[in-house]
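Hello,

Here is the structure I promised to pass on to you. Please open it alongside this email, and then read on for what turned up.

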2 protein chains.
Amino acid sequence: MNDTMTTATIEADPKVPIIRVTRDFAATPAQLFRAHTDPELFVRWVGPDGMTTTLDRWDASTGGSWRYLAARNGMEFGFHGCFHEVRPDRIVQTFTWEGDPDGVALETLLFEDLGDGRTRLRAQSLCDSFEGRDAWLRSGMEVGVDQGYAKLDALLAAGRIAGTVEGAEA
Amino acid sequence: MNDTMTTATIEADPKVPIIRVTRDFAATPAQLFRAHTDPELFVRWVGPDGMTTTLDRWDASTGGSWRYLAARNGMEFGFHGCFHEVRPDRIVQTFTWEGDPDGVALETLLFEDLGDGRTRLRAQSLCDSFEGRDAWLRSGMEVGVDQGYAKLDALLAAGRIAGTVEGAEA
């Protein structure tokens with residue numbers, strides 16, 4: 001644990017309407033997979049500080065779907081999507097913020113083993129226009145990303161995320 | 001019925017890796033919605049002539065998923081995805097051809113009422129690279145699109161697709 005918060009690298013692709021987020025964790029791929037699929041763990045780290053996340057629907061498996069509500073200061077935000085593919089090294093899902101109900105992004109998360117108990121998360125969000133993509137970048141999303149991942153770092157440091165996935169090797 | 005087959009307009013967006021298909025039908029939006037969601041109807045028109053489609057999984061509702069196998073001349077092709085949103089005027093789903101298992105497109109279908117029993121189908125396929133998008137365009141996809149929609153025209157002309165949707169107004 002140190003005083004400086006690790007920040008994610010957030011990049012706007014120049015050629016296609018994609019946001020790419022890269023972040024290293026002191027975790028195995030199996031731990032990052034659990035953090036993104038176990039409903040009790042997921043709600044404990046996703047989103048910015050002070051936001052309370054409640055799952056309305058959660059089936060983190062290939063062909064499943066999800067919906068959660070994020071609340072802070074009396075405001076509530078809904079998000080939903082479906083899981084195209086869920087496997088130990090890769091999650092592909094759709095993502096809609098219900099404040100823009102017809103907007104849909106296609107998200108791909110990759111868990112890349114760096115060895116020595118470290119894993120690089122590569123997240124890609126594909127939008128259908130540069131305008132939509134750039135609106136996300138201007139929304140202050142980096143605060144939620146960095147504060148969320150800092151909570152995930154803390155869960156990992158506290159030993160709250162087991163290193164094995166049911167049905168998969170650690 | 002006439003001798004000249006109606007062809008779809010297939011366009012490659014110059015700015016984003018999207019294929020746009022536009023096709024008018026002698027159908028109501030409710031009929032086109034049924035043709036895309038009713039499993040028994042869907043398999044009767046999707047894909048090129050001579051291809052036999054068998055559903056492996058089919059839940060055409062928001063948060064549902066699908067998988068089908070298309071067979072011709074002893075070859076079999078698998079396709080699967082999840083339904084992000086299914087509503088009378090719009091279907092958003094993911095799409096993977098299992099010959100390229102990590103490739104995923106995000107598809108949006110819109111049913112635009114033209115009046116007088118005609119509806120314009122606008123389909124958008126969003127890929128995560130221009131290379132992937134252009135490979136689809138070079139694959140001969142227009143044959144499957146045009147032959148499939150010709151089969152759908154024939155089902156409509158034969159009165160095989162009811163004009164109302166369960167739970168929705170015609």
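Ten residue pairs are in polar contact between chain B and chain A, with both partners at pLDDT 80 or more; keep in mind that this is a predicted model. On the side of chain B that touches chain A, four strands each supply at least two residues: E5, E6 (90-97), E7 (105-115) and E8 (118-126). The largest share comes from E5(B), with seven residues.

One to look at is Arg87(B) with Asp102(A), whose side chains meet at 3.0 Å, N to O.

As for the extent of the interface, 30 residues of chain B are in contact with 30 residues of chain A. Together the two chains bury about 2000 Å² between them, and 59% of that lies on carbon and sulfur atoms. Three residues stand out here: His84(B), Asp102(B) and Asp128(B) supply 26% of the area that chain B buries against chain A, more than any other three residues.

How many disulfides does a search of the whole structure find? Over all chains, the search finds one. The partners are Cys82(A) and Cys82(B), with their sulfur atoms 2.3 Å apart. This pair crosses between the chains, running from strand E5 (residues 75-87) of chain A to strand E5 (residues 75-87) of chain B. The torsion about the S-S bond of Cys82(A) and Cys82(B) is about 65°, so the disulfide is right-handed. Are the two cysteines buried or exposed? Both Cys82(A) and Cys82(B) are buried.

Cys127 is another matter. Cys127(A) is buried, with a relative accessible area of 6%, and Cys127(B) is buried with a relative accessible area of 6%.

Best wishes

Note on methods
Residues numbered from 1 in each chain as written. Chains lettered and ligands numbered in written order. Predicted model: local features only at pLDDT ≥ 70, side-chain atom pairs only at ≥ 80, totals over all residues. Heavy atoms only, no water. Disulfide = S-S within 2.5 Å. Buried < 20%, exposed > 50% of the residue type's maximum accessible area, 1.4 Å probe, protein only. Contact = heavy atoms within 4.5 Å. Buried area = accessible area lost by both parts, 1.4 Å probe. Salt bridge = Lys/Arg side-chain N within 4 Å of Asp/Glu carboxyl O. Polar contact = N/O pair within 3.5 Å; in protein donor to acceptor, adjacent residues only side chain to side chain.
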